[in-house]
Amino acid sequence: MASLTINGGRILNGEVICQGSKNSALPILAACYLIKGKCEIHNCPRLSDIDATINILRSLGCDVVFLNNTVTVDSTKAFGYEIPEELMHEMRSSIIFLGAVLGRNGRAVISTPGGCEIGLRPIDLHISAMKKFGVIINEEHGVLDCKCEGGLKGTAVTLSFPSVGATENIILAAATAEGTTTILNAAREPEVTDLADFLNACGAKIHCSAGAITITGVKELRGASHSVIPDRIVCATYLCAAAVTRGEVTVKDIVPAHLGGVLPVFEEMGCDIKLLHRQIKLTAPVRLKRIDKISTQPYPGFPTDLQALFTTLACVANGTSVIVENIFECRFKHVPELIKMGACIKTEGRVAVVEGVPRLCGANVNSPDLRGSCALIIAGLSAKGTTTVNKLYHLDRGYAEFEKNLNDLGADVYRTEEDDAKKSEQQTNS
Ligand code: EPZ
């Protein structure tokens with residue numbers, strides 16, 4: 001397994017271009033299966049989750065080419081409605097294919113994706129919504145056998161929680177269903193809006209307003225080109241790298257409005273934020289101030305995907321910060337690893353109390369999950385000495401050219417692949 005070695009203490013300065021959003025690209029690529037034609041999806045980052053999604057599209061009979069951040073999907077001749085278990089389990093968010101496969105075939109046989117490092121990730125909201133379209137679902141031994149004789153019929157769904165994935169699955173199932181579908185208490189994340197924008201470019205009739213979405217089913221969708229929105233979580237990750245190293249970094253090709261719930265927290269910590277056209281410039285203080293309280297919420301609140309990163313910022317802030325994780329039940333796995341680096345954190349259930357220390361110390365730590373891996377890397381950038389972050393496959397799910405971009409900003413970071421590590425170990429032992 002690859003690991004990243006970080007020599008800490010360097011100040012990050014400069015500019016970085018933000019990648020396209022993983023969490024927008026995944027449902028949009030799944031949506032391409034609904035369209036009996038060719039689609040070009042631009043600004044797609046090179047990530048293992050994107051590769052996993054492409055593998056599923058190919059298993060369903062789509063022709064897919066991924067070149068220079070553009071994924072071209074031709075689903076004209078696609079035929080499948082079964083997704084092999086090993087492909088479903090490669091990526092937890094593969095559940096997003098349920099709505100698209102049902103929408104195209106009225107039939108889907110997929111295995112339940114199961115939980116992951118950050119929680120059980122139930123899919124009850126997805127299942128109950130599909131049943132409202134008239135889908136009969138037989139669940140046995142972890143396989144969902146879904147049938148809808150006569151095609152999906154539009155319906156009204158009120159979500160008990162504004163689930164991003166469930167909202168996206170309902171939109172995908174409703175786009176070509178007979179009749180109109182309404183979603184109340186829908187997720188409002190920008191990635192949901194981006195999916196609707198892409199489908200509307202393909203001829204769908206989707207209207208999003210605050211937490212309500214209306215979809216008028218159309219007979220068929222046509223191929224279109226679309227550029228994925230910037231990744232707001234990756235953008236904030238680079239801003240965190242500047243904040244924790246007393247740096248000054250401008251992130252380009254972003255949508256500042258997508259970070260409305262986050263920028264005030266950077267300012268509360270003493271960072272200066274300048275908004276320019278499609279750019280954000282962060283200038284860090286000599287030492288960050290504590291955060292009174294961060295409480296993760298659905299969009300437009302503070303995003304759960306940034307909780308681990310801001311826990312790291314709080315570790316070296318001046319004072320004690322309180323962080324509450326309301327979305328996922330197991331998203332503090334980066335805490336024990338940060339404690340190895342000298343952090344002073346106490347957790348109780350969904351609450352973490354972080355007492356800032358002047359400096360962390362480099363250590364050998366293990367990535368617990370995708371965003372936890374970034375939290376540890378950011379901690380290594382500010383720590384005294386050298387940090388090694390293992391299990392980099394988590395990072396590679398969501399960040400393209402991460403170490404290159406950090407080094408271009410002045411960091412001293414290098415990747416060691418497993419065989420390199422073995423070689424260097426043999427050399428030292430010989
Ligand atoms: C999406 O996951 C994102 N993933 C997550 O990003 C993100 O953290 C999450 O939304 C919240 O913003 C993608 O878009 C691919 P949810 P999703 O359904 O759709 C519960 C990352 O790091 N729930 O909004 O799975 C669930 O257990 C990833 O990029 C049910 O109870 O999130 C959780 O507590 C991590 N039943 C809460 O809702 C259901 O049927 C939020 O889940 C579905 C969800």
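Reply: Let's start with what a pocket is: on a 1 Å grid over the protein atoms alone, it's an open set of points where a 1.4 Å probe fits, with protein on both sides within 12 Å along at least five of seven lines. The model is predicted, so local features need pLDDT of at least 70 and side-chain atom pairs 80 or more, while totals for chains, interfaces and linings use all residues. Residues are numbered from 1 along each chain, and side-chain values use heavy atoms, leaving out hydrogens and water.

The second largest pocket holds about 370 Å³ of space (the space filled by probe spheres set on grid points, which are joined across faces, edges and corners). It has 18 lining residues, and Ile17, Gln19, Ala400, Glu401 and Asn405 sit closest to its centre (lining means having an atom within 4 Å of a point). Strand β2 (13–17) and helices α8 (232–243) and α14 (402–408) each give two or more residues to that lining (these are DSSP runs numbered from the N terminus: H or I over at least four residues for helices, E over at least two for strands). Because domain 1 (3–19 + 230–429) and domain 2 (22–227) both give residues to the lining, the second largest pocket lies between them (the bounds come from an automatic or database assignment).

Now for the ligand. It has 23 residues around it, and Asp124, Ser163, Asp305, Ile327 and Arg371 come nearest (a heavy atom within 4 Å counts as near). Both domains turn up here as well: domain 1 (3–19 + 230–429) and domain 2 (22–227) each supply at least three residues of this shell. Look for four helices, α1 (22–31), α5 (124–132), α6 (164–174) and α12 (370–382), each of which brings at least two residues. The biggest giver is α5, with three.

At Leu125, a backbone N or O atom lies 2.8 Å from a ligand oxygen. Arg331 uses its side chain: an N or O atom there is 3.3 Å from an oxygen of the ligand. On its own, the ligand has 830 Å² of accessible area, and the protein covers 86% of that (by the Shrake-Rupley method with a 1.4 Å probe).

The search of the whole structure turns up one cavity of 30 Å³ or more, where a cavity is a set of points the probe fits in but cannot get out of. About 40 Å³ of space lies in the largest cavity, and you can trace its lining through Pro230, Asp231, Arg232 and Cys235, then Ile254, Val255, His258 and Leu259.

Most residues other than glycine have a negative phi, and most peptide bonds are trans. Between Tyr299 and Pro300, though, the bond is cis, with omega about 10 degrees; Pro300 sits in the loop between β17 (293–295) and α10 (307–315). Asn69 isn't a glycine, yet its phi is positive, about 65 degrees. You'll find Asn69 in the loop joining β4 (63–67) and β5 (70–74).

Key:
Polar contact = N/O pair within 3.5 Å; in protein donor to acceptor, adjacent residues only side chain to side chain.
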